[in-house]
Amino acid sequence: MSTILADLNYWVTVFLLVGGLYIVVAHGNMIKKLVGLSIFQTSVYLLFISPGKILGGTAPILDDKYTLYSNPLPHVLILTAIVVGVATIALGLALVVRIHESYGTIEDDDLTDLESDT
Amino acid sequence: MMRDTIILRVVVKLLLPAILIFALYVQFHGDYGPGGGFQAGVAAAAAIILYGMIFGIPAAKQVVPPSVVFVMIPLGVLIYAGTGVAGLLLGDNFLDYSPLGSKPVYGQHLGILIVEFGVLVTVSSTMLAIFYAFGGRADEADAAEEARKDGEGGS
Amino acid sequence: MSPADHILAALAIPVIGAILIALCRKHPNLRETVTLVTAVLLFANVATLLPVVLEGGRPAVYGFPVTHELSIAFEVEPLGMLFGLIASFLWIVNSVYSIGYMRGNKEPRQTQFYVCFAVALASSVGIAFAGNLFTLFVFYEILTLSTYPLVAHHGDAKARTGARIYLVLLLSTSIVLFIPAFLWTLSIAGTLDFVPGGILAGKASPLATGVLLALFAFGIGKAALMPVHKWLPNAMVAPTPVSALLHAVAVVKAGVFTILKVSIYIFGPEHLQATGASEWLVYLATFSLLAASVVALTKDNLKARLAYSTVSQLGYIVLAAAIATPLALIGGALHILMHAFGKITLFFVAGAIHTATHKTEISQLNGIGRVMPFTMGAFFIGALSIIGLPPLGGAWSKLYIALGGLDGDYWFVVAALMISSLLNVAYLMPIVVRAFFRPPDPDDHGHGHGHEAAAPAEGGSMWSRMQEAPWLCVVPLCFTALACFVLFFAPDAVETLLSGMLEAPR
Amino acid sequence: MIAAHLPALQVVVPLLAAPLCAILRQGTIAWLIALVANWCAFVISIALVLQVRELGIISYELGGWAPPIGIEYRVDLVNAFVLMVVSGVGAVIIPYARKSIESEIPRAQRGWFYTMYLLCLTGLLGVTITGDAFNIFVFLEISSLSSYVMIAMGRDRRALTASYRYLIMGTIGATFIVIGIGLLWAMTGTLNLNDLADRVPAIEEARPVLAALAFLTVGISLKLALFPLHLWLPNAYAYAPSAASAFLAGTATKVAIYLFFRFFFTVFGGEGFFDSTPLPEIIMVLSIVAMFAPGVVAIFQSNIKRLFAYSSVAQIGFITLGISLASEPGLTGALVHIANHAIMKAGLFMLIGCIVFRLGSMRLEDMAGIGRTMPFTMAGIVVLGLGLLGAPATAGFISKWYLAEAALLQGLWWLVGLILLGSVVSMIYVGRVVEIAYFREPSEKVAGLKEAPLSMLIPGWVLVIATIYFGLDTTWTVGIAQDAAASLLSALY
């Protein structure tokens, strides 16, 4: 139990990662797939951010008063990753809207049928 | 939409300036503490989006027309990359802002302000563009639906 | 112009010719003039190299390194000289004949035909003058590709199937067997240049030599060694001038030429004899030439019978390459020449018969000798040359190969050659007999051409009975028949040329 | 002065041009901007190759911050070579794109197309040039996102689903790559590739490092469509606009392959680490299957773009095979095939685009007899097809030659046989196209066609001629690739 607690952030990361991936694979609804994808990506944010936090550390402000501060690098990286994630999800949703307009469905199985007909 | 809810309309009108001011605070405080163009851009866009949700997207589009939004997105990238190129043209590496000011520190200060402004422009307009694209589509779809119903009723 | 320039010119002339032919597509007369002029120029150009080679010179063009190991290089040695001369000379004859045939049969897509023909000739010259195995391989593949449209010329289902078999068999054998063979050769010898005495001599173990030889023998599908001969009969769907190109001028000749070249310059005759690695090929080639003759007996279609005859005759040359004694190799090279003239005559005849009467089966040919005396006379001469009877050219090459076999202690080769000659008689002579001594089938009139019905059956002078093909077809075939005769008296000259190929360079 | 800033300009020029296109948005002007930017990028990449050959590895510090804190652009022969291939293919496609895009994309969206094209180019060049692991991810996503958009702009509604599926797969791949990078960063505390290469060997047995390698391998494999992770590719290439198909087929997967090189041989390359893992064997098996399975699938396609898309998967198998051999000729073959396949496949998709432009259909059956009405287009396709199957005197032969030689040097005779058999498979599908185009009677529709416009035909033929040229003169392909392979194996970066 203590080992689980010690690495809790990693357990959560793995849970989100696997769960998100499972949703992407298992669900036929294109919106749900995107939700899964989003969860999947979020797990990575956690993977980066959690080791960067130091207990008792402050924001990384260079001043003599503070000696212990968190690593700023993961925040910068993950800010970028979040932006990428937002763009991906936005584009994915836009595609789903267009797919719904031209096919009338967003279920993967129905789409496969429709495509093989044409 | 919630166009008829008087409380919301009033509260939103009161909140809007505060949100925008806060966005600007985040923007300019980004130089000294947590904050910066990304956060400020989203906050600023949130103000317009909130306005659009309460007063309708057409009203929001009157405030910030889509044509402006579409120019703002690339403009922000241009400001960012242009600042970098300015450093390059003044003899240092790309994205090195030192030569922009009389002293390297001033130059870097100025450079980061301009770059963050570019980020603000792009992020806020991108958020708005996404909002217009999805939200606007629902309005158009509603309008089309109503038109179809009207057509059926008439015949 | 230096000899090196002539080599490059020999490659450039047909290519430029091909472009000009394509440009002249709207003017058939001009187009065919260009073809003829190109052919003559090419031959004249190739011929200028002959004195140099006879004096023992080896004109060469080096350069164009492709990678650090592979390069495009040309070198003219006696065997290549001979092949270059045959190909370029027969192109002239074949062009004259093609004009008669293509016009006589009103074939479609004639421009495409002449263009591809010119490209095929360019690649044949490239093969002949190749200075290393890689160059040879490049032109070998170009030849395959440029003849593919020719085989598929008619464009109907049958032509497409035939052409597909042609292409797939030739390309896949060359990719799957030929490329590994020369990769392996490169890894053993460190070079791919053609060097008298062989680059593998003393370097490859007997087993490796045997396996490599197998890769080459089957990888060079154009040599039509059984069991990779299938493409040849299938390619019979092509128009007759193309068959002549395949059988006499370029394609199969390129195949056996490559085999000879590999035997002499890659393995080295002495290496082959010393290791005994080529013994299996002697048996296989013997089997191939006998079996193909037997199959030929069963074919009623004239061109199919000739095709199997070619498979059989190519067996002779592969046999010579496998025996690898000096006499056998000279015999093999001579046979390229002799068979070229003999077989082109026979194919010209088949085409002339087709043009004049639209007959393709041997059983329809009763009495045709009276209607087409010149044509069938030429057929008679060509057939005798293929059989190998004096006073015709074919006699020499068979003699040399047999003598070479004796040198190499392959007694059964002599027996096999005699049996094969008998089989040749058995499948070629009945055609002649049928043509001259059987009365024409009475019910055959009105079949095919309209004017055939008007032919007076009996009586009248010989001239009035004649229904020859267009003179543009007849003249070339008489000419090549005559050449078979002349070649009987010329083996010395050829031998002088060829003896140079077995000597070390000076 | 400019010479010192070439690494930055390589990325900045298209990056600046992209928003310009978006602001002006008018099709022709956007096209002109894209043209100029892309050609500049090509010139810069050639200059970089020359510089690297002369001076060795170039390091460029962005913003003047020294690595490992700052982001570094680092150019060695390997990525200079890939930069040249990517920008070169783009430089040929752009002149072609104008007519093709005019016929495929509505007027209002053309400016956006060129914006996306330039962003994609920026991303691909950025991935290749950067020396920072996280930067790789960012640029990779820039290129991927813009290519999703380009694909979705295709006329067929199936372009939308193709784009969506590519988006899902591509994002999973990219996320795997970030996970791998994150684990590496957690273990070493650096993101600079050069630094990583120094630090990873010391801890290479640690489990997170092995996990990072696994994540990176799977993620990159998804991006480069290594069999069996190629499912997104056929439809994406088939239904994208012709110019986008040509560009993506020529460049996108190639850059992902470059990442294989970089991670396997630079980051994990020290002291034979890559060889000691089971990865070479796994990749070899997958590559061999890739050479055959998609090739056989390609034979039965009725859509010509899908046919050649499957062929791409097969050809990628050849490239990864070279990587799995991990020897100098193997890597040379892989690098050369990156260039040669980029040239050939881009050319093929361009010329197929010419047919689609005139015929309006991608079905093979509809193309019966088209060799007679569009002789130059079809002749080009034949030459490029011959290149694909590795006919001598074409570029394809050179790459297969090196691969076969590499297999031979390691005594893998059976592999030589398989490589050559793989060529036979390509022969069948190329042969099928040729036969339909030349030996069937043209339908009325085909008989009425004209040859494609020159502005589309000439760029296509530039690549046709390049295919032949690089089959005869290999100083610019093999010459560079050999040195690059040597530097990869000695882990110089």
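**Figure 1. Helix α4 of chain C in the predicted model.** Helix α4(C) covers residues 110-129, and its 20 residues reach 29 Å from the first C-alpha to the last. That span is close to the 28 Å expected at 1.5 Å a residue. The helix is mostly covered, with 18 of its 20 residues buried. The model shown in this and the following views is predicted.

**Figure 2. Contacts and gaps between the chains.** There are 4 pairs of chains that touch, and the pair with the most contacts is A and D. Between chain A and chain C the nearest C-alpha atoms lie 30 Å apart. For chain B and chain C, which likewise do not touch, the nearest C-alpha atoms are separated by 40 Å.

**Figure 3. The side of chain D that touches chain A.** Here 22 residues of chain D are in contact with 26 residues of chain A. On the chain D side, two or more residues each come from α5 (133-152) and α6 (158-188). The most is given by α6(D), with 14 residues. By class, this side of chain D holds 14 nonpolar, 5 polar and 3 charged residues.

**Figure 4. The side of chain D that touches chain C.** In this view 20 residues of chain D meet 20 residues of chain C. Helices α17 (395-409) and α18 (413-438) of chain D each supply at least two residues of the chain D side. The largest share, 9 residues, belongs to α18(D). The chain D side divides into 14 nonpolar, 4 polar and 2 charged residues.

**Figure 5. Helices α3 and α4 of chain A.** The view takes in α3(A), residues 30-52, and α4(A), residues 73-103, whose axes come within 10 Å and cross at roughly 180°. The two helices are therefore roughly antiparallel to each other. Their contact is made up of 17 nonpolar and 6 polar residues, with no charged residues. Two packed helices are described by the angle between their axes and the distance between the axes.

**Figure 6. Helices α1 and α2 of chain D.** The axes of α1(D), residues 6-24, and α2(D), residues 27-55, cross at roughly 175° and come within 9 Å. This crossing makes α1(D) roughly antiparallel to α2(D). In the contact of the two helices there are 19 nonpolar and 4 polar residues, and no charged residues.

**Figure 7. The strand pair β1 and β2 of chain D.** Strand β1(D), residues 58-61, is joined to β2(D) by 4 bridges, and the two strands run antiparallel. Within the pair, D:S59 stands opposite D:R74 of β2(D). Strand β2(D) covers residues 72-75; D:E72 and D:R74 point one way from the strand, while D:Y73 and D:V75 point the other way. Residues on both sides of β2(D) are shown, and all four named here are buried. In a regular strand the side chains alternate between the two faces of the sheet.

**Figure 8. Helix α8 of chain D and its surroundings.** Helix α8(D) has 18 residues, 207-224, which should span 26 Å at 1.5 Å a residue; its end C-alpha atoms are 26 Å apart, in agreement. Among the buried residues of α8(D) are D:V209, D:A212, D:L213, D:F215, D:L216 and D:I220. The buried set also includes D:T217, D:S221 and D:K223. Covering for the buried residues of α8(D) includes α6, α10 (242-267), α12 and α13 of chain D. Just after α8(D), D:A225 takes a positive phi of about 60°.

**Figure 9. D:F300 in the loop between α12 and α13 of chain D.** The loop that holds D:F300 lies between α12 (279-299) and α13 (304-325) of chain D. D:F300 counts as exposed because 10 other C-beta atoms lie within 10 Å, and a residue with 12 or fewer is classed as exposed. D:Y429, 129 residues away from D:F300 along the chain, has its C-alpha atom 8.1 Å from that of D:F300.

**Figure 10. Chain B.** Chain B contains 5 helices and 0 strands, and from the N terminus its elements run α-α-α-α-α. Of the 155 residues in chain B, 38% are buried. Among its contacts between residues at least 6 apart in sequence, 60% join residues at least 24 apart.

Key: Residues numbered from 1 in each chain as written. Chains lettered and ligands numbered in written order. Predicted model: local features only at pLDDT ≥ 70, side-chain atom pairs only at ≥ 80, totals over all residues. Expected span 1.5 Å × (residues − 1). Contact = placed C-beta atoms within 7 Å. Nonpolar A, V, L, I, M, F, W, Y, C, P; charged D, E, K, R; others polar. Axes fitted to C-alpha atoms, helices over the stretch in contact; angles between N-to-C directions. Parallel < 35°, antiparallel > 145°, perpendicular 65-115°, else oblique. Pairing = 2+ DSSP bridges.
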